Amino acid sequence: GTQWWMTKNLNYNTGNSLCYGNSQSNCDIFGRLYDWTTAMQACPTGWHLPSDAEWTTLTNYLGGQNIAGGKLKEADTTHWEFPNVGATNEVCFTALPGGYSSTTNFFFELGSGAYFWSAAKKINTSLSLIQFIKSDSPYFSLGNIEPLNRFSVRCIKGEATGQKELNQ
């Protein structure tokens with residue numbers, strides 16, 4: 001479409017970001033994991049954390065949430081666990097399964113889940129929105145999560161639209 005996305009997960013050390021398993025080699029492949037507040041400020045000048053509307057535009061361009069995840073995933077099992085259902089990397093997004101870190105710094109789902117922050121928060125809650133893809137599904141799903149968890153950041157080029165609260 002008309003959007004310009006980074007083709008890799010952000011790997012900028014903010015001092016408040018982590019490598020999965022505290023291993024630099026995981027940052028080199030999968031990028032760093034950020035809490036929501038840090039993610040909101042981590043993208044370089046001219047780029048920003050995508051809004052929910054920008055994620056929706058990408059999802060719709062790829063045919064909807066039932067198949068968009070597969071079209072975004074790296075198309076083999078070099079980094080994704082088998083089966084990497086529906087993976088085609090159709091638009092060279094090359095989503096990688098960097099997993100995530102909990103608020104207590106435990107790590108989960110390296111190889112099986114790609115989780116990306118949105119700039120949106122849910123109305124009347126402390127929850128932030130994420131988009132995620134799993135190895136066993138072509139879905140590109142939306143979730144609500146505590147903002148102190150750490151997930152990947154994929155920046156989009158252009159002027160930031162800022163934080164928006166959603167009634168989802």
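Read along the sequence, the protein in this predicted model follows the pattern β-α-β-α-β-α-α-β-β-β-β-β-β-β. In total there are four helices and 10 strands.

Let me turn to the overall dimensions. Along its principal axes, the C-alpha trace spans about 35 × 35 × 30 Å. The radius of gyration is 14 Å, and this agrees with a compact globule, because a globule with 168 residues would have a value near 15 Å. As for burial, 50% of the 168 residues count as buried.

The contacts come next. Among those with a separation of 6 or more, 60% are accounted for by residues 24 or more positions apart.

Where in the chain is Asn 84 placed? Asn 84 is found in the loop between α4, residues 65–72, and β4, residues 98–101. Is Asn 84 buried or exposed? Its relative accessibility is 12%, and because buried means under 20%, Asn 84 counts as buried. Which residues does Asn 84 contact, leaving aside its neighbours within four places in sequence? The list runs through Lys 73, Glu 74, Ala 75, Asp 76 and Thr 77, and it also includes Ser 135.

Conventions:
Residues numbered from 1 in each chain as written. Predicted model: local features only at pLDDT ≥ 70, side-chain atom pairs only at ≥ 80, totals over all residues. Heavy atoms only, no water. Helix = DSSP H or I, 4+ residues; strand = E, 2+ residues; numbered from the N terminus. Buried < 20%, exposed > 50% of the residue type's maximum accessible area, 1.4 Å probe, protein only. Contact = heavy atoms within 4.5 Å. Rg over C-alpha atoms; globule rule 2.2 N^0.38 Å.
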